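Please examine the sequence and the model shown below before reading on.

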Amino acid sequence: MRKTFFLLAAICIAATLPGQEIDPKLTEVWEPVPEKITPGILPFTNAPSDAIILFDGTGLSQWRKPLVGYGGSMEEVKAVAQKRAALTKYEEKDADWEVKDGALIVVPGNGHIETRKAFGDIQLHIEWLAPVDPGKTGQGYSNSGVFLMGQYEIQVLNNYENPTYSNGQAGAMYKQSIPLVNACRPPGEWQAYDIVFMAPKFGKDGSLIQPATITAFHNGILIQNHYELKGPCIYQGEPSYVPHPEKLPLILQDHDNKVRFRNIWVREL
Ligand code: MG
């Protein structure tokens, strides 16, 4: 009995040591599976007059390579925050995704891209297309993501008849909040997210005053209803808040799939 206790204690300590890999499967949630619905046909929304246009189909002037990147575990999130705090002088490198036929296309291997401008509370409209990619399944089928403030990810993935863990499917706040329904269109068709995101608020001492919240519509259907985030959307381990500036760039994810984006605009709130 004593032996078992010490063994368990040793395993728990080992699991939390810095630098140790945490099994990402531990934070996959497979049930419930969101009900599959068919969204109505909506006209895609052109930017209103007060929006900041992030991509209008022509060029990548609003985008660059990320200055500090993204963290997939709490350890990495803290490292990114430290790197950001130490950043006094920097050189911007232009984003190097492909622009073709009015779309912004992920170039696998070129890495994530981020907005040159930083944002806090926003309304965001973004259209995306998961290309038809026979043979791909689960998280490997047209995966990308919209990382609000570079760390709060609404998942982009083909989940039209492509099952995966529910808290990692399209419209999930990755590994935190399952979408209310599955409003995916088939791969090869354009879809839209309309998002209201409120940035977290931190006190001067770094304590959390107010968590980030998100309300999101997928193809016009409510999928996240004022969800309070628990911290950054990380791949492994449990999230917690790390204080950060009031405004940060929006990141689009290169997950090795040629996902397309178009008509991206934002209104600052
Ligand atoms: Mg993703």
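Is strand S9 (residues 152–156) largely enclosed by the rest of the structure or exposed, and why?

## Basis of the report

The model is predicted: local features need pLDDT of at least 70, side-chain atom pairs count only at pLDDT 80 or more, and totals for chains, interfaces and linings use all residues. Residues are numbered from 1 along each chain as its sequence is written, and side-chain values use heavy atoms, with hydrogens and water left out.

Strand S9 is largely enclosed by the rest of the structure, because five of its five residues are buried. Buried means under 20% relative accessible area, exposed over 50%, and partly exposed in between (1.4 Å probe, protein chains only). On one side lie Tyr152, Ile154 and Val156, and on the other Glu153 and Gln155; all are buried. Strands are DSSP runs (E, at least two residues), numbered from the N terminus.

S9 pairs with strand S8 (residues 144–148) in the antiparallel sense over five bridges; pairing requires that DSSP finds at least two bridges between two strands. Gln155 in S9 stands opposite Gly145. Three residues separate S8 and S9 in this hairpin, and Met149 in the turn has a positive phi of about 55 degrees.

## Salt bridges

A salt bridge is a side-chain nitrogen of Lys or Arg within 4 Å of a carboxyl oxygen of Asp or Glu. By this rule, there are eleven salt bridges. One of them joins Arg267 and Asp50, with the closest N and O atoms 2.9 Å apart. Arg267 lies in strand S17 (residues 260–268) and Asp50 in the loop between strands S1 (35–36) and S2 (52–55), so the pair ties together parts that are 217 residues apart in sequence.

Methods:
Helices (H or I, at least four residues) and strands (E, at least two) are DSSP runs, numbered from the N terminus.
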